[in-house]
Amino acid sequence: MNLYDTAIRRPVFTVMLMAALIVFGVLGYVSLPINLLPSLDIPVVTVTTTLPGASPEVMDSDVTDVIESAVNTIEGIKHINSYSGQSISQVTITFDLERDIETAAQDVRDKVSGAVGNLPLDAEPPVVQKLDINSKPMLWIALSGLDKRSISDYADRVVKPRLQSVPGVGNVFMGGFRKRMIRIWLDRDKLAAFHLTPGDVVHALGRENLELPAGYIEGPIEELAVRNMGLFKNVRDFDRMIIADVKGRPIRLADVGFAEDGMGDERGVGRFNLVPALGLGIAPRSGANLVEVSKKVRQRMAELSKEFPRGVEYDIAFDAAEYVEKSIENVQVDILYGAFLAILVVFVFLRSWRSTIIVSLAIPTSLIATFGFMRVMGFSLNNLTTLALALSVGVVIDDAIVVLENIFRHQEEGETPVEAAHNGTREIALAAMAATFSIVAVFIPVAYMKGMIGQFLYEFGLSVAVAILISLFVALTLTPMLSSRFLRVRPRHGTLYSLLERGFSALERAYSKGLGWTLRFRWSTVALAGLLFLGSLALVPLMGAEFAPQEDMSMFMVNMEAPVGTSIRRMDALLQQAERIVLSQPEVRSAFAAIDIDERGLVNSGVIFARMIKPRYRTTTQGQVVARLRKKLAAIEGLESRVIQFSFYNTSQGGDWDLAYTITGPNIHTLDALGKKVAERLGQVPGIVDVDTNLDLEQPQLHITVDRDRAHDLGLDAASVFDTVYSLVAGRKIGSFTTEGKRYDVRVKVVPWQAKNAADIGALQIRTSSGAMVRLDSVVHITPGYGPVNINRTDRERSLLLTANLHGIPLNKALEELKRILAEELPAGYRGKPSGQAEDFAESMSSLLFALGLAILIVYMVLASQFNSFLHPFTIMFALPPAAIGALAALYLTGNTFNIMSMIGIILLFGLVTKNSILLVDLTIQRREQGLDRDAALREACPIRLRPILMTAVSMIFGVLPVALALGEGSEARAPMAIATAGGMLTSTLLTLFVVPAVYSILDSGVERLRRRRQRRWISGG
């Protein structure tokens, strides 16, 4: 007894089985996390080291190189990228995807801890962190209403810890934050007057502001802990601190300077809608429900607002969860519309409410049950998994359609409902299983592709496969059981039924005539299809290619850069000009602006995050607004602005640039000149905008060189000279200060008005070995110069990153132009390679093409096993070229490119179209086994299968139609997949009905000729 026999004989068991699947699916659905994209487990580890006051060259040679040398020997490293800037070094190690992130991070920690002894003494301990690519800030909150110090301190002490305790929150970033600290401001002239140096202040603070352990004493009854209460409790304690005795008089800190409960140096700015604000960036934990995290953070902020000090306010500056939630809702609406249209198609063909209901139950049962399996497999409800279900709407109904149609035909031939259910299901079961397994086989390679694209599509591929397998199970159990109980062939029908029946009968007769022509001119038929296929391939170069289509997310970012050396005051004024222009756009509803938001000390760079009103409330697209802003922002003199559209499909380390390319070589000056020349030429290419490089060697500097002979005569050395400059100019950390349970740094520095220019540095004084005080300019030479703003390395070579945005030109065309320029400009020893989306594009296209080839091979193996034939799979797979014709033509006509979404649509299509071929070939084989010759079998089998083929094809096209129409938010990225599927199904269905019978006839006659030739040889040989 097989599966469908059991289902027919035990209807209650079958109903309970379906109910269990639905309950299992509902439980899975309510517990599925919601995210925009699947979780990406990319093993990336960063090592961040700070050395206050150090130049990029010092950070590169003394810190970055040491860290890179230590970690370079770790197994499984794919790339090592590093950034060396003013006072900071960041080394990013990207491992192969197969590497476990926990083990990789521990290996890095071990290597770095062994290299700490080789770092400069004043370098702070390196911080090793796992970089979660999924945990970018998805929610920005603007906090305002107090001065910078107060708002920063309040956010750091109160708001940030409370937000970090929200379930699902992984980290909280603070843009425009200024760290509270105790500033010891020293007056160089007063120090010199008392013959004191910064070192005397540093040593005094080390002696006076400290707390050493004191142990405990044990009496006969009780034990007492002993504490040395040496830490200062307030700012006045610092001012009263005695530094030294001069001529019997105690000199206090207040005599040579003053202490201030202040902030770190102003290196950043934050504003929301032109109002000074602090930005709180909320990054969810990996695997957390993004929408739920956003809701809980908003609730927590509402609770906190009741406790805010007077005047403090907050606004939501940016919330990706809004887009995610709306995007997922739109896909779910697409699923409902697609299901309705597919059911409507079934009703038109079957013209029976009973039949339609029986078939339609496959849709909710299959899709709902899939949610349960998604939860078990650890998936989330994201754009790709919901898209997988949306595209599956027309597929999951297919098996039920062909099973019911066959059962209905058996009833029309006079069998009882139970007999028809048994015989009809048995007759079609092999074809249904072969068709379903061939579709599943297509997605197995997709789900298990290596690289980032493999992780990206893993959940998509398995979700489709699971939904289709469940639909097969439903078609072989629930459909025959319900058909045996409720399906009845009525002897008389209504007017609408009869009218449609005459239409279908006429269509079958027309098809039979066309089939007869095809079998007479079979070679011409195949040749015509081949010419159409070759013609469609010619469309590929015209379409263009990119990693992923751009979606209108109602948000964009503006990156701004002023000339190197621009002060923060000047940069702030330029930033405000840009803010006013952005906020003046009618489509923009809010903007958060910041200087040096990534805290790398680059005060000449700024960024604006802008939110737009929703697409349904504006007449212009996001791309049109961006193009308009590029022109307006270009009018700001002294500021280069680059407008970037966000893309959640960009998961690379190359940022949000449309085009990124890394150039490596040994000499940093050659790289700089090369980058400028290539950028200039690339900027002349129409459609390539915002061209820039991340290398700049024109940072104004003051070079201090010690006159060693003069210093030696005075009993001085380079260390004492540089230590004075470091303490007074850079600002040395000299202990800590604790208040209200928080610990703050104590830093010493010369008063701001005595550190404005080179002459101020020369006026600093230092004590000689004889006790005399001399000016620094008497033992050093101070000369102006230039140096790099930052130094970057890729795989331990000096590198620059060339970036650009694209407007009206596809990525592959832009890459071709860039490679052409580089071929002419790159000198020997210098190399270039794609980064960011360009690297993802190259890797994904090669991976997808490999997956497509592997999928075709697996489909052949499945079909060969199902039909026990090496020949029939070739016949069936001749439906693939006609599918490519429609897919490519539809993409070209709708203005879409060749990208990962359209490529996945084509792969899905290749699995679907084999289904129609299987139905034709399977029944033809059955008729031949009953004694009919080849042409007679084809003439009888193909018209019988016409209706189920048309029904499944049209239901598939209508099922994906809502996705293809791209009506909701985020639909621009999903549409190419549905367009490719619908277009391919259309041409494949029309051509397969004629091409596959022709190919079957050609191959079968060829086999017969070979068989007769072998028989003649055997007879003549005998």
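**Stop 1**

Select Lys247, which is exposed because its relative accessible area is 85%; buried means under 20% relative accessible area, exposed over 50% and partly exposed in between, with a 1.4 Å probe and protein chains only. This is a predicted model, where local features need pLDDT of at least 70, side-chain atom pairs count only at pLDDT 80 or more, and totals for chains, interfaces and linings use all residues. Residues are numbered from 1 along each chain as its sequence is written, and side-chain values use heavy atoms, with hydrogens and water left out.

Lys247 lies in the loop between β10 (242-246) and β11 (249-252). Helices (H or I, at least four residues) and strands (E, at least two) are DSSP runs, numbered from the N terminus. Check the backbone: Lys247 is not a glycine, yet its phi is positive, about 55°. Most residues other than glycine have a negative phi.

Now go to Asn273, in the loop between β13 (269-272) and β14 (275-276). Asn273 is not a glycine either, and has a positive phi of about 50°. Its relative accessibility is 29%, so Asn273 counts as partly exposed.

**Stop 2: the whole chain**

Zoom out. The protein chain has 34 helices and 31 strands. Its C-alpha trace spans about 125 × 75 × 65 Å along the principal axes. Of the 1022 residues, 56% are buried. Contact means heavy atoms within 4.5 Å. Among contacts between residues at least 6 apart in sequence, 81% join residues at least 24 apart.

**Stop 3: a helix pair**

Show α5 (residues 148-164) and α10 (residues 290-305). They pack at an angle of about 145°, with axes 10 Å apart. Axes are lines fitted to C-alpha atoms, for helices over the stretch in contact, and angles run from 0 to 180 degrees between N-to-C directions.

Which residues of α5 and α10 meet? Val159, Arg162 and Leu163 in α5 meet Val297, Arg300, Met301 and Leu304 in α10. The residues of this contact divide into five nonpolar, no polar and two charged. Here Ala, Val, Leu, Ile, Met, Phe, Trp, Tyr, Cys and Pro count as nonpolar, Asp, Glu, Lys and Arg as charged, and the others, Gly among them, as polar.

**Stop 4: rings**

Colour the aromatics. The whole structure holds 14 aromatic pairs. Trp517 and Phe521 have ring centres 5.0 Å apart and planes at 40°, so the pair is tilted. Rings of Phe, Tyr and Trp (its six-membered ring) pair if their centres lie within 6.5 Å; planes under 30 degrees apart count as stacked, over 60 as edge-to-face and the rest as tilted. Trp517 is partly exposed at 43% relative accessibility. Phe521 is partly exposed at 38%.

Next, select Trp140, Phe592 and Phe609, which ring pairs link into a cluster. Then look at Arg180: its charged end sits over the ring of Tyr744, 4.7 Å from the centre. That requires NZ of Lys or CZ of Arg within 6 Å of the ring centre and within 35 degrees of the ring normal.

**Stop 5: Ser988**

Finish in helix α34 (residues 971-1021), where Ser988 is found. Is Ser988 buried or exposed? At 0% relative accessibility, Ser988 counts as buried. Leaving out residues up to four places away in sequence, Ser988 touches Ala879, Pro882, Ala883, Val913 and Leu993. The C-alpha atoms of Ser988 and Pro881 are separated by 7.9 Å, though 107 residues apart along the chain.
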